[in-house]
Amino acid sequence: MRTSRYKAAKFLIILGSVLCVSISAFSGAVIARRGDVSIGGLAVPVSGLNGTLQSLSFFICIAMVLLDYKFGFIASACCIGISFFGATRTIFVSHSISSLPGAINCIVNVFALILISTQLKKSRLAEMTDKLTGQINRYGFEEIIHKKIRAFEKGSIVFLHLHGLTDINVNLGRNMGDNVLKTVSSRIDTIIGGIGEAYKLEGSEFAIFVKEGHDCEELVKKLISSVEEKIVMQGEDSTLNVYVTCKAGIADCLNKYVNPDTLMKNADIAMNHALRVEDMKYCFFNERIKQIAEREHDVELFIKDALENNYFYLVYQPQFRINGKRLRGFESLIRMKLPDGSFVSPSEFIAVAERSDLILKIDNFVLRRAMEEFKEVCELYENNITLSINISAKDIALDGFVEQLLEVIEDTEFPRQCLELEITEYSFAKSTDITIANIKKLREHNIMFAIDDFGTGYTSLAQLLNLPVNLLKIDKILIDNICTNEANRDFVNAVIYMGHLMKCEVISEGVEDERQLSLLRELGCDFVQGYVWSKPIDYTSVFEMCREYLNV
Ligand code: C2E
Ligand code: CA
Ligand code: CA
């Protein structure tokens, strides 16, 4: 797009130059005739016609400068130079000063064009500069990269993303955030020195062009560690230490030509990949991560389509008391079936949805659908059954989540004491004050909470003991080799013991065989969920399962 616009501008300037030169040649011929010129039977004085031609020529020159203040100016100056040469030649050869006004006009025009092009250059520069850091902004960055690639310059593009700036803006004020950005930008400038150029993109992103022949990976490592160093800021009455973290994506055009837009997109893909992967600080672009990004994009479209066209439905996986196999309740699990009959796994689309706000829509759909469907089961069994619904960390951290949930409960007339919400341990580890406040409020409404995937997160013991939950779900990963790995078995034993200390009940999920079952029974686990007793089943089979196992 940018390249075609650039080519069009060049073409127009060349066309303009040809026109100007032709006009000045025609004008020279007219002057040589002297007297009047007849146009459509009208006698037009030569001086008048000549003035008109010069104005037209000057107008074309201005248009060329406006198209490109550098190339357009050079072209205009050449055209005016030719006219000037023609005029002065007439003066010297014919010893006539009839062309003197024309020659003076040329000089004035050149000065006028110098003025216009300088002003344009200044305003273009201001447009391309980030006011805060003084670095070139995205607008300028894109233009410069296009120019570099056109000039066959080789190198790598690094995109840097800062994390933590929003918190600084919110907690310490925008001025402090601005100062942090300035410090980071000068650190980047210092590190790259003469081996590249730094640009300030939107928000908390920077771009760097690293010239060919330098160790880009080493530079990125240095950049990250420098940016992440302590930043000392002057607070109102004391100094403050603030920190930001940083991730990078790198794409290069070293061994082959890469279209500039593609090159920048590749660096973006690489940076987004690094942002997605927890422990990855930087990532080089490659075809594999491009495929991951494309698949993610497709999955996002599937989700939107599924929400709009009802391709989502729920299945229910039973949970049993380990002793006696009495049914405790069901966990609702979402499914996506596309019109061509294929399925997308929830492990895949939930992860994609969690990176955007689509997860809020999914959770909303599941809450309403599960309660609508399961209400009849609760009525039939006088509320002696539990419905567990998975809720994302994003949802429970929402300010209005409690009101939203109570509204769905009211609309569907679902018995709230039968409702349990599952939140992963990981989201507890990252929980905010709002999350904990929401859980406490909902506990007051008799809604139960389970910690999902327990044993895989990083919740501290102190945090755990304060959690207002009633059920711990031990993750399948820990159950998988419980019979073959002694350390695993001891860990599960400790988790069950700790769960009971916290006055929680404990369920093991992903239990697939009898050996695991009897070992868990031995360890004192309260409930199980897994293929050993039942895979997830559809809504109609729930009634059958209840008939068989609820009155045991
Ligand atoms: P999860 O909450 O840990 O759900 C348990 C997953 O383990 C389910 O996979 C279930 O079908 C599977 N599973 C249960 N027992 C066994 C077993 O014995 N063997 C094996 N191999 N697998 C077993 P599913 O349904 O594919 O869901 C995957 C994940 O997707 C869930 O993990 C949950 O994190 C997410 N998810 C599923 N439904 C929902 C939903 O409605 N809302 C949200 N927010 N997330 C959901
Ligand atoms: Ca779950
Ligand atoms: Ca789980």
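**Exercise 1. Which residues is Ser 17 in contact with, leaving aside its neighbours within four places in sequence? Is Ser 17 buried or exposed?**

Step 1. Contact means heavy atoms within 4.5 Å. With the neighbours within four places in sequence left aside, Ser 17 is in contact with Met 64, Ala 75 and Cys 79.

Step 2. Ser 17 sits in helix H1 (residues 2-33). Helices (H or I, at least four residues) and strands (E, at least two) are DSSP runs, numbered from the N terminus.

Step 3. Buried means under 20% relative accessible area, exposed over 50%, and partly exposed in between (1.4 Å probe, protein chains only). The relative accessibility of Ser 17 is 16%, so Ser 17 counts as buried.

Conventions. This is a predicted model, in which local features need pLDDT of at least 70 and side-chain atom pairs count only at pLDDT 80 or more, while totals for chains, interfaces and linings use all residues. Residues are numbered from 1 along each chain as its sequence is written, chains are lettered from A and ligands numbered from 1 in the order in which they are written, and side-chain values use heavy atoms, with hydrogens and water left out.

**Exercise 2. At what angle do the axes of helices H9 and H10 cross, and which residues make the contact?**

Step 1. Axes are lines fitted to C-alpha atoms, for helices over the stretch in contact, and angles run from 0 to 180 degrees between N-to-C directions. The axes of H9 (residues 260-276) and H10 (residues 287-309) cross at roughly 75° and come within 10 Å.

Step 2. Angles under 35 degrees count as roughly parallel, over 145 as roughly antiparallel, 65 to 115 as roughly perpendicular and the rest as oblique. H9 is therefore roughly perpendicular to H10.

Step 3. H9 brings Ile 269, Ala 270, His 273 and Arg 276 to the contact, and H10 brings Arg 288, Ile 289, Lys 290, Ile 292, Ala 293 and Glu 296.

Step 4. Ala, Val, Leu, Ile, Met, Phe, Trp, Tyr, Cys and Pro count as nonpolar, Asp, Glu, Lys and Arg as charged, and the others, Gly among them, as polar. The contact of H9 with H10 then has five nonpolar, four charged and one polar residue.

**Exercise 3. How many residues does the largest nonpolar core have, and which helix gives the largest share of this core?**

Step 1. A nonpolar core is a set of buried Ala, Val, Leu, Ile, Met, Phe, Trp, Tyr and Cys residues joined through side-chain atoms within 4.5 Å. The largest one has 84 residues, and those with the most contacts inside it are Ile 303, Phe 330, Met 371, Phe 374, Leu 405 and Leu 421.

Step 2. Helix H12 (residues 358-380) gives the largest share of this core, eleven residues.

Step 3. Another core, of 28 residues, lies apart from the largest one; Leu 165, Ile 168, Ala 198 and Met 233 are among its members.

Step 4. Leaving aside neighbours within four places in sequence, Phe 374 is in contact with Tyr 316, Phe 330, Ile 385, Thr 386, Leu 387, Phe 414, Tyr 539 and Val 542.

Step 5. Ala 370 lies in H12, and at 0% relative accessibility Ala 370 counts as buried. Ala 370 and Tyr 316 are 54 residues apart in sequence, and their C-alpha atoms are 9.2 Å apart in space.

**Exercise 4. Where is Asn 446 found, and what is its phi?**

Step 1. Asn 446 is in the loop between helix H16 (433-444) and strand E16 (448-454).

Step 2. Its phi is near 70°, a positive value in a residue other than glycine.

Step 3. With 52% relative accessibility, Asn 446 counts as exposed.
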